[in-house]
Amino acid sequence: MSDLRIGAIIPVKTFSRAKTRLNLSQEKTEKICEEMLESVLQNVTHSNLIEKTVLVSKDEKALGIGKKFGALGIYDESEQGVNSAVLLADSYFSQEGFEATMVFPQDIPLIQPEDVETLYQMRTSDRCVLVVPSRKFDGTNALFRTPTNVMETHYDEDSYKIHLNTAEKRNASSALVLIRRIMLDIDDQSDLRFILSFSDTKIANSLRKILD
């Protein structure tokens with residue numbers, strides 16, 4: 001257990017509009033999104049560090065999947081992007097007196113509960129930002145923030161660099177943390193092929209069945 005109250009935030013884009021770079025049929029793409037989300041939720045909610053998980057989405061199916069894992073669903077009416085979705089969850093956790101949050105995307109299906117703990121163990125102060133980049137170092141695949149309002153999020157190009165720079169401006173300690181399974185996201189066919197080339201996990205086998 002943590003000495004802080006930690007919440008997890010999972011913003012989810014409407015399945016029918018997500019992952020167009022996979023260049024698959026809409027049916028297969030939506031199934032892959034569902035499988036990835038289930039895997040992320042299962043493992044994040046099984047971490048002893050996470051007191052509450054909030055899923056922010058406009059997609060009713062995604063919100064339903066979240067409910068299966070005990071996640072609080074926040075309906076994202078405007079769906080203006082990840083930063084806007086995270087703000088909705090930030091407001092909830094601030095009102096509920098949480099002291100830290102971790103933001104995870106829906107597309108890191110190999111994450112395990114111990115990865116959440118590894119990230120938390122890198123905390124160096126009471127005012128701290130930790131960033132796990134993507135495998136290609138072109139995005140942020142996990143973001144730890146304490147206190148919850150230490151900084152806003154910047155999920156766009158080179159977001160991991162912007163997050164680290166923003167943390168410095170907010171006088172927070174910060175670090176880039178390399179956690180292999182969190183770094184492995186699925187955005188396009190090359191990501192999918194890379195993960196399926198070596199992973200024999202349950203989620204990898206489920207993705208193979210969808211592609212067959």
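Before anything else, a word on terms: helices (H or I, at least four residues) and strands (E, at least two) are DSSP runs, numbered from the N terminus. What I am showing is a predicted model, in which local features need pLDDT of at least 70 and side-chain atom pairs count only at pLDDT 80 or more, while totals for chains, interfaces and linings use all residues. Residues are numbered from 1 along each chain as its sequence is written, and side-chain values use heavy atoms, with hydrogens and water left out.

Let me start with helix H5, residues 159-169. Its residues Ser 159, Tyr 160, His 163, Leu 164, Thr 166 and Ala 167 are buried, where buried means under 20% relative accessible area, exposed over 50%, and partly exposed in between, with a 1.4 Å probe and protein chains only. Seen down the axis of H5, these buried residues fall within an arc of 165 degrees, so they line one face of the helix; the arc is that of the directions from the helix axis to the C-beta atoms. On the other side of H5, Glu 168 and Lys 169 are exposed. And what covers the buried residues? The cover includes strand S5 (128-133), S6 and S7. After H5 comes Asn 171, whose phi is positive, near 60 degrees.

Leaving aside neighbours within four places in sequence, Thr 153 is in contact (heavy atoms within 4.5 Å) with Asn 83, Val 86, Leu 143, Arg 145 and His 163.

Asp 158 lies in the loop between S6 and H5 as well, but at 30% relative accessibility Asp 158 counts as partly exposed. Not counting residues up to four places away in sequence, Asp 158 touches Phe 137 and Asp 138, whereas its C-alpha atom is separated by 26 Å from that of Asp 126, 32 residues apart along the chain.

Finally, please look at Ser 47, in the loop between helix H1 (26-45) and strand S2 (50-57). Is Ser 47 buried or exposed? Ser 47 is buried, with a relative accessible area of 3%, and, again leaving aside neighbours within four places, Ser 47 is in contact with Pro 113, Val 116 and Glu 117.
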